[in-house]
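Here is a short report for a reader meeting this structure for the first time. Please keep the sequence and the model in view while reading.

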Amino acid sequence: MLSLQTSIVGRKVIYLREVESTNDLAKLLALHEDEGTVIVADRQTRGRGRIGRRWESPEGGVWMSVILRPPLVLEDLPKVVFMGAVAVVETLEKFGIPGKVKWPNDVLVEGRKIAGILAEGKAGTVVLGIGLNVNNPVPEGAISMKDVLGSNVPLVDVFRTLIARLDEAYSLLKERPASIVEKAKSRMILGVPVIVVGEDIEGIAEDIDEFGRLIVRKPSGEVVKVVYGDLSIRFAQR
Ligand code: BT5
């Protein structure tokens, strides 16, 4: 019915009207499901961001997780996050919306958050969770595809496009992991003043390195590499 023609991502799709968190369910199902299995729900009652933050997931958005078994080590988890971010930006592009990646795991449109990525991994399995605001109401400071386009967007088309882009990005990740970092970098907001939240670091977000670390140049000229993890950046006013 969805007519997915992907090779891995979306080989099986498990749809629920409501779930606490697609990532939590995917982690459980990963014990016996093959890679590529997608869990998608109309709404989540306990959608999660990083470090226990809440992810608002009312009906109208795409809330999904995919079970992956990439031939990578745990240090490569940022590459899986970038794979998700690239697929989201490409999906938005297909609908005529220019999106940008904000390190480490956000996608912004018009400076506001339209999507968040949550990759959680252990022992060879990674659950890649994506929340994309489509027609749903969004929290203060966030944005949806509907807000940008001015009318409702067919949710199933967005989902189908996202699955196709994720499948492409996953083959790239497996064949040439470095190219996923390059792709994410070309779509990332760089060259702007940032503050690393919770750390005493302020400077210009210059670049990312091959491990996905953010390279920040302080006003003193000193360069700091911010490790991907639970840290976030805030754009600073100059
Ligand atoms: C994220 O966390 O951005 C990752 C979000 C991942 C959500 C997906 S949905 C499917 C799967 N199942 C889950 O349970 N989760 C994943 P973080 O960087 O920690 O950002 C969280 C912050 O984003 C919150 O503290 C809010 O400020 C903001 N936020 C919450 N809901 C939002 C929404 N719908 N749109 C935009 N921003 C939101």
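Beyond its neighbours within four places in sequence, T91 is in contact (heavy atoms within 4.5 Å) with V158, T161, L162 and R165. T91 belongs to helix α2. Its relative accessible area is 0%, so T91 is buried. Buried means under 20% relative accessible area, exposed over 50%, and partly exposed in between, with a 1.4 Å probe and protein chains only. Helices (H or I, at least four residues) and strands (E, at least two) are DSSP runs, numbered from the N terminus.

The model is predicted: local features need pLDDT of at least 70, side-chain atom pairs count only at pLDDT 80 or more, and totals for chains, interfaces and linings use all residues. Residues are numbered from 1 along each chain as its sequence is written, and side-chain values use heavy atoms, with hydrogens and water left out.

Helix α5 covers residues 177–186. Which of its residues are buried? They are S179, I180, V181 and A184. Their cover includes α2 (77–94), β4 (100–102), α4 (155–175) and β9 (201–208).

Take α2 from that group. Its axis and that of α5 come within 9 Å and cross at roughly 50 degrees. Axes are lines fitted to C-alpha atoms, for helices over the stretch in contact, and angles run from 0 to 180 degrees between N-to-C directions. The two helices, α2 and α5, are therefore oblique to each other. Angles under 35 degrees count as roughly parallel, over 145 as roughly antiparallel, 65 to 115 as roughly perpendicular, and the rest as oblique.

On the α2 side, the meeting residues are K79, F82, M83, V86 and E90. On the α5 side, they are P177, I180, V181, K183 and A184. By class, this contact of α2 with α5 has 7 nonpolar, no polar and 3 charged residues. Ala, Val, Leu, Ile, Met, Phe, Trp, Tyr, Cys and Pro count as nonpolar; Asp, Glu, Lys and Arg count as charged; the others, Gly among them, count as polar.

Two strands pair if DSSP finds at least two bridges between them. Strand β6 takes part in both pairings below.

Between β5 and β6 lie 2 residues, and E110 in the turn has a positive phi of about 50 degrees. Between β6 and β7 lie 2 residues as well, and A123 in that turn has a positive phi of about 45 degrees.

**Backbone exceptions**

Most residues other than glycine have a negative phi, and most peptide bonds are trans. Two further residues carry a positive phi. S3 is not a glycine, yet its phi is about 50 degrees. S3 sits in the segment before β1 (13–19). At 55% relative accessibility, S3 counts as exposed. I51 has a phi near 35 degrees. The place of I51 is the loop between β2 (38–44) and β3 (62–68). I51 also counts as exposed, at 53% relative accessibility.

Where does the cis peptide bond lie? It runs from W103 to P104, with omega near 0 degrees. P104 is in the loop between β4 and β5.

**The open sheet**

An open sheet of 5 strands has the order β11-β10-β9-β8-β12, with antiparallel pairing. Strands β11 (223–226) and β12 (233–235) stand at the edges, each with a single partner strand, so one side of each has no neighbour in the sheet. On average, neighbouring strands of this sheet are turned by 45 degrees against each other, direction ignored.

Strand β10 (residues 214–217) is joined to β11 by 4 bridges, and the two run antiparallel. R217 has V223 in β11 as its bridge partner.

V216 also lies in β10. Is V216 buried or exposed? V216 is buried, with a relative accessible area of 0%. Not counting residues up to four places away in sequence, V216 touches V194, I201, E202, G203, I204, E222, V223, V224 and V226. V216 and P193 are 23 residues apart along the chain, and their C-alpha atoms are separated by 8.9 Å.
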